[in-house]
Amino acid sequence: MKIAIVGASGAVGQEFLRILSENDFPVDELLLFGSERSAGRTYPFRGGLTFPVRVLTEEARDFEGVDFAFVSAGASVSKQYADVITSGGAIMIDNSSAFRMDSDVPLVVPEVNGADAFDAPRGIIANPNCTTIQMVVALDPIHRISPIRRVHVATYQAASGAGATGMQELEQQSRELAAGQAPTVAKFADQLAFNLIPHIDVFTDNGYTREEMKMHFETKKIMHAPKLEVSATCVRVPVMRAHSEAIWVETEEPVSIETARYAFASAPGVVLVDKAEALGYPMPLHAAGTDPVYVGRIRADLANPRGLSFWTVADQIRKGAALNAVQIAQYILKHRQ
């Protein structure tokens, strides 16, 4: 297998390297690409050889023989280089928002709609937004019992969602405030340390942010449920890594708490942490650096007789980005004829 990583020096690119190494993904040849700023850096892989980052160019021969290209360098880069990357037959698994809602590009979470990966006429498969991935992994077990009509979700998104610079800014602000200094604000809309910011991405005409609308549209596409309604409020919180979500669902028929717990406990990619005792629930502190979507605080919705409420936590850089992309490739390798 010949594998390429585009955006290798970024937070998600580095996670690609770790996950490919940890999962014993079949890699016979590894190519790393990045910007001119990161060109020349070298990174070790599987404790053996180091690999240099080369500048991403328009040269199609750079991707000759590549089987999978994991791309996480931003939507503009993905759009500019997609034809170059796929020209030699590579499957491009793209982590940006560039192609997610294109009708001829599948949007895939393997636990939910893995088979969609085989309907990729352009050779491009889109990785969903991190918050959407986490949510649909938790929604799917309930949806299979009784179709979900409506979802309300409030997200609590860590600094990692803004990349390495976001995490660095949270650290810097914490140090500055502890020293009695004014915090540096550059990456986020306002001070994040010791604060909450109900503003992720730009606002749209309907008053929702683009991040919130991603959850609305992407969930419908992944779950093949055009009538499913999703309303989100996305909040940046002063957590370093791992996103949390409070989710309320309305199903066509009532689903009991016991049935929901069994469904979550049996679902691929889900770990149930739901005990009525201290620390018997998921928290980002414990989820950081791990693979599953953790689910807990499962309750009947007191405002809706067909409603359930639950809490989810997942590592945004792993399951919310790099891990999901690698799992797409693994699904293809396992199931292709």
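A crossing of two helices is left-handed if the near helix is turned anticlockwise from the far one by less than a right angle, and right-handed if clockwise. The model is predicted, with local features requiring pLDDT of at least 70 and side-chain atom pairs pLDDT 80 or more, whereas totals for chains, interfaces and linings use all residues. Residues are numbered from 1 along each chain as its sequence is written, and side-chain values use heavy atoms, without hydrogens and water.

**View 1. Crossing of helix 4 and helix 7.** Helix 4 (residues 130-145) packs against helix 7 (residues 257-266) at about 125 degrees, with the axes 9 Å apart. Axes are lines fitted to C-alpha atoms, for helices over the stretch in contact, and angles run from 0 to 180 degrees between N-to-C directions. Helices (H or I, at least four residues) and strands (E, at least two) are DSSP runs, numbered from the N terminus.

**View 2. Residues between helix 4 and helix 7.** Ala 138, Pro 141, Ile 142 and Ile 145 of helix 4 meet Thr 259, Ala 260, Ala 263 and Phe 264 of helix 7 in contact (heavy atoms within 4.5 Å).

**View 3. Strand 8 beside strand 9.** Strand 8 (residues 148-157) runs parallel to strand 9, joined by eight bridges. Arg 150 has Glu 229 of strand 9 as its bridge partner.

Definitions and conventions:
Pairing = 2+ DSSP bridges.
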